[in-house]
Amino acid sequence: MRIALAQLNPFVGDLAGNANKILQSCRQANGLQADLVVTPELGLWGYPPRDLLLNRSRVAQQQSVMDRLSRDLYAVSPALGVLVGLVDPADDGQQPRLFNAVALIRGGQWQVVGRKQLLPSYDVFDESRYFRPASAPSSFNFTVGNRDWQLGLSLCEDLWVDPGLHRERLCGPDPIGALAKQEIDLLLNLSASPFGRHKQAVRHQLAQQAACRLDCPVVYVNQVGGNDELVFDGASFVMVPATDDPSTKTSAKSGTPLGLALQLPSYSEELAVWEAVTTPHQAQATTPMPVEESLFRALVLGVCDYAGKCGFDQALLGLSGGIDSALVAVIAAAALGADQVEGLLMPSPWSSKGSIEDAEALASRLGLRTHTVPISALIASFDASLTPVMQAAPANVTAENLQSRIRGTLLMAVANQQGQLLLSTGNKSELAVGYCTLYGDMNGGLAVIGDLYKSTVFALCNWLDSDAACACRKDLNLPGGGELVGRAIREKPPSAELRPDQKDSDSLPDYAVLDPLLRDLIEERCGREELLERGHPAEEIDRVQRLFRRSEFKRRQAAPLLKVSSQAFGTGWRLPIAAS
């Protein structure tokens with residue numbers, strides 16, 4: 001049997017468009033003599049559809065879309081089958097009223113052949129709001145020629161059942177263990193698993209563990225593309241049982257599992273055919289993508305799809321000459337093309353000559369259009385208007401925030417007038433401690449690096465300017481040689497430049513101290529005692545925790561950000577604002 005892995009980038013909610021994308025994949029697979037096409041979880045809807053699933057008319061539309069897809073596929077090949085992720089409504093009137101399911105289309109007809117058992121409701125996932133869990137795992141018979149294949153089905157989380165390999169094992173059944181009793185020939189896993197640093201290694205290990213438990217290959221097909229804050233990296237694969245045993249058995253040379261029989265690329269739509277045979281499989285040696293490149297490509301894909309799926313082809317950002325806006329500018333140029341990105345320079349009396357020159361030089365290296373709008377006269381105008389009201393000129397933090405809000409207003413005005421997506425340039429460290437201004441530098445339609453700590457911003461920029469990034473830069477149509485961000489920007493002490501000789505370290509601990517503390521506070525959810533045990537200074541813990549608690553109202557109003565860590569300030573962050 002020849003199985004096509006269709007790694008697709010769906011548009012959430014566009015059932016007809018996604019069905020057409022599936023049909024095009026089937027045409028391609030048929031040309032490669034495939035017998036069965038496997039698509040991602042909820043591939044007909046795009047993941048995550050969220051409250052679109054509560055729209056009854058949209059759910060009802062699924063029937064006609066699937067009927068049409070079945071007829072169209074029959075015209076391509078009556079024998080070709082395709083597994084499509086969709087919703088399966090229950091008819092008993094109880095809530096939730098849907099199952100997260102899989103349908104098989106073949107011979108001009110379609111039927112549901114599997115339902116998801118483990119429904120994640122942690123972090124960004126909220127499947128229990130919409131779906132019921134299936135009572136048992138699913139398998140079905142698929143005939144190819146004279147051979148009947150017993151195919152096991154699982155949906156994303158159903159594979160994540162080894163608590164030794166990840167921290168979020170759901171309370172519930174073990175779908176893999178139950179399928180072991182059915183003596184299946186193959187396990188097919190339809191997934192919508194978002195990007196996470198080092199996550200692909202965990203997927204490989206989970207699939208290898210399942211392959212060994214079931215004594216059969218595992219075909220893993222993942223969604224690719226950006227949908228709102230989530231970036232799906234694809235990287236679909238086929239894993240066969242390792243001959244020596246352990247699920248973590250890897251090649252010393254490549255670092256990949258010995259049972260990896262097929263690996264699709266990350267961050268792009270792909271289709272590949274794998275032939276399932278009864279003889280031993282030849283493993284495929286691959287080299288994992290460097291962590292920095294993987295992170296950079298995830299951010300580029302996130303910006304590209306967020307802009308495109310929201311109807312934007314151009315972006316605007318403020319260029320300050322600092323490292324945050326420099327990184328966002330590089331990401332935007334790679335995602336949309338340098339000719340589609342504009343930078344606005346808004347110098348104040350406290351902007352250094354070096355920062356202005358650095359911003360201009362960066363724009364020149366990237367090929368960005370820029371305009372300069374000095375804000376000194378606007379500051380004076382606001383001062384004149386506010387002084388009678390406050391009986392004093394704006395000063396200290398009020399004056400600093402006013403500068404930021406003037407810039408934010410200018411950026412929003414230009415973006416509105418020119419139909420551009422405004423990109424916010426703040427980082428996770430600033431958002432965590434409130435070192436940012438509501439209705440000022442927080443303005444924007446997307447916070448590109450809102451899930452990157454400042455130290456990660458520096459590390460990523462250092463990598464971009466290294467020889468190791470040359471091939472990636474060339475592949476993404478960025479200038480391939482020489483510095484991109486620039487040494488002057490990378491080595492400059494961080495500063496908001498809102499008052500004379502200002503540095504971030506005047507208001508915050510050094511990022512080398514702050515960021516590890518924030519990681520333990522946010523990703524690890526450590527309390528004060530645990531933070532002390534991990535070696536963080538008591539005075540810094542108290543200071544940072546106080547700033548962190550006071551800034552929740554800002555995070556609630558921030559632009560959507562691209563999630564690339566295990567815990568981002570997005571839909572998976574649900575702390576109250578008014579709390580002790």
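1. Rings of Phe, Tyr and Trp pair if their centres lie within 6.5 Å. By that rule, ring pairs link Y47, Y122, F125 and F232 into a cluster. The model is predicted, and the points below should be read with that in mind. A search of the whole structure finds 11 aromatic pairs.

2. Two of these pairs deserve a look. The rings of Y130 and F131 have centres 6.4 Å apart and planes at 65°, so this pair is edge-to-face. Y130 counts as buried, at 9% relative accessibility. F131 is buried too, at 4%.

3. The rings of Y220 and F237 are arranged another way. Their centres are 4.7 Å apart and their planes stand at 15°, so the pair is stacked. Y220 belongs to strand β10 (residues 218-222) and F237 to strand β13 (residues 237-239), so the pair ties together parts that are 17 residues apart in sequence. Y220 is buried, with 0% relative accessibility. F237 is likewise buried, at 0%.

4. Charged side chains also sit over rings. R115 lies over the face of F99, 3.7 Å from the ring centre. K428 lies over the face of F569, at 5.9 Å from the ring centre.

5. Now the helix packing. The axes of α5 (residues 291-309) and α11 (residues 454-464) come within 10 Å and cross at roughly 100°. Angles of 65 to 115 degrees count as roughly perpendicular, so α5 is roughly perpendicular to α11. On the α5 side, E292, E293, L295, F296 and L299 make the contact. The contact residues divide into 6 nonpolar, 1 polar and 2 charged.

6. Check the backbone at two prolines. A cis peptide bond joins Y47 and P48, with omega about 0°. Y47 is also one of the residues in the ring cluster. P48 lies in the loop between β2 (36-38) and α2 (56-76). A cis peptide bond also joins Q95 and P96, where omega is about -10°. P96 lies in the loop between β3 (81-89) and β4 (98-106). Most peptide bonds are trans.

7. Two phi values call for comment. Most residues other than glycine have a negative phi. H198 is not a glycine, yet has a positive phi of about 70°. H198 sits in the loop between β9 (186-191) and α4 (199-214) and is exposed, with a relative accessible area of 59%. N477 has a positive phi near 60°. N477 is in the loop between α12 (470-475) and α13 (487-490). N477 is exposed, at 70% relative accessible area.

Definitions and conventions. Residues are numbered from 1 along each chain as its sequence is written. This is a predicted model: local features need pLDDT of at least 70, side-chain atom pairs count only at pLDDT 80 or more; totals for chains, interfaces and linings use all residues. Side-chain values use heavy atoms; hydrogens and water are left out. Axes are lines fitted to C-alpha atoms, for helices over the stretch in contact, and angles run from 0 to 180 degrees between N-to-C directions. Helices (H or I, at least four residues) and strands (E, at least two) are DSSP runs, numbered from the N terminus. Angles under 35 degrees count as roughly parallel, over 145 as roughly antiparallel, 65 to 115 as roughly perpendicular and the rest as oblique. Contact means heavy atoms within 4.5 Å. Ala, Val, Leu, Ile, Met, Phe, Trp, Tyr, Cys and Pro count as nonpolar, Asp, Glu, Lys and Arg as charged, and the others, Gly among them, as polar. Rings of Phe, Tyr and Trp (its six-membered ring) pair if their centres lie within 6.5 Å; planes under 30 degrees apart count as stacked, over 60 as edge-to-face and the rest as tilted. Buried means under 20% relative accessible area, exposed over 50%, partly exposed in between (1.4 Å probe, protein chains only). A charge sits over a ring if NZ of Lys or CZ of Arg is within 6 Å of the ring centre and within 35 degrees of the ring normal.
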